[in-house]
Amino acid sequence: METYESFLSRALPDPRVLGLVLSGSQAREGTATARSDHDVYLIAADGAPFEPRRDALVDLVVMTLGEFRAHALPGSGTEWNRYAFTHAQVLKDAGGIASLVAAKGTLTPDEAFAIGREALGALLNSVYRCMKNARDGNRLGVLLDGSEAVPAFLSHLFALHGRVRPYNKYLEWELRHHPLDGWPAGDLLPRLESALSPDAPTALRGLLNDLEPHARAAGHGPELDSWGDDLPFMLSTS
């Protein structure tokens, strides 16, 4: 099995390799373990002698430049993979690869608004259902809707900051190493855990109350107000 170092010694000088991007735990300081492989994207010209591989040492994805341009961006069908390029390390750039990685790893204002609006709608829907389940004594419903509300909350919160929501594996690392303004990790992380517990209605109400002014400031007031009299039901602490 070829080692990562041996692979790099072949790929870096090859003129048919336009770019090499290291992602995953090996690219994020302090997150790699003894079992972490090297997640690498190889952007190749036609005929480059590299095949995808996935083993204990290297997880190699091979793409053409055209495929890489669209990958992980809206409408690509691979939007789920966008955080792979946040904090990624560009090991070789012979075709504008660094600028493409930078574009994938952050959100434009238009992207942030669209993602934030969609995530806010999902958040409000899950919070509303969670509150109704709590009112009706449906414990399992509370837990399930709380678990759906948390990802939507995080997607909206990161979008408000123009950032891609991290994978769950890296959430704590992201919040501690790249804090969100006004949302310190030491405060937010326990509140998220509470939102995944039987105390979800109280935790989600608190998060939503704190989020509301920021959402309105970002232009999402119409999404909030579309809930009419149900919005006070979600926000009220009485």
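**Salt bridges and the sheet in a predicted model**

In this predicted model, the side chains of aspartate 59 and arginine 54 come together in a salt bridge, with 2.7 Å from N to O.

User: Happy to start there! Is aspartate 59 buried or exposed?

Analyst: Good place to begin. The relative accessible area of aspartate 59 is 13%. Buried means under 20%, so aspartate 59 counts as buried.

User: Which residues do salt bridges that share partners join into one network?

Analyst: One link you can look up is the salt bridge between arginine 10 and glutamate 2, at 2.8 Å from N to O. Salt bridges with shared partners make one network of Glu2, Arg10, Arg53 and Asp55.

User: In the salt bridge of arginine 16 with aspartate 14, how far apart are the closest N and O atoms?

Analyst: Arginine 16 is partly exposed at 36% relative accessibility, whereas aspartate 14 is buried at 9%. Their closest N and O atoms are apart by 3.1 Å.

User: Now the sheet: what is the order of its strands?

Analyst: The sheet is open, has 5 strands and shows mixed pairing. Its edge strands, each pairing on one side only, are β3 (53–54) and β5 (89–93).

User: Which residue in β4 is the bridge partner of valine 40?

Analyst: Strands β2 (residues 38–44) and β4 (residues 58–64) pair in the parallel sense, over 7 bridges. For valine 40, the bridge partner in β4 is leucine 60.

Technical notes:
Residues numbered from 1 in each chain as written. Predicted model: local features only at pLDDT ≥ 70, side-chain atom pairs only at ≥ 80, totals over all residues. Heavy atoms only, no water. Pairing = 2+ DSSP bridges. Helix = DSSP H or I, 4+ residues; strand = E, 2+ residues; numbered from the N terminus. Salt bridge = Lys/Arg side-chain N within 4 Å of Asp/Glu carboxyl O. Buried < 20%, exposed > 50% of the residue type's maximum accessible area, 1.4 Å probe, protein only.
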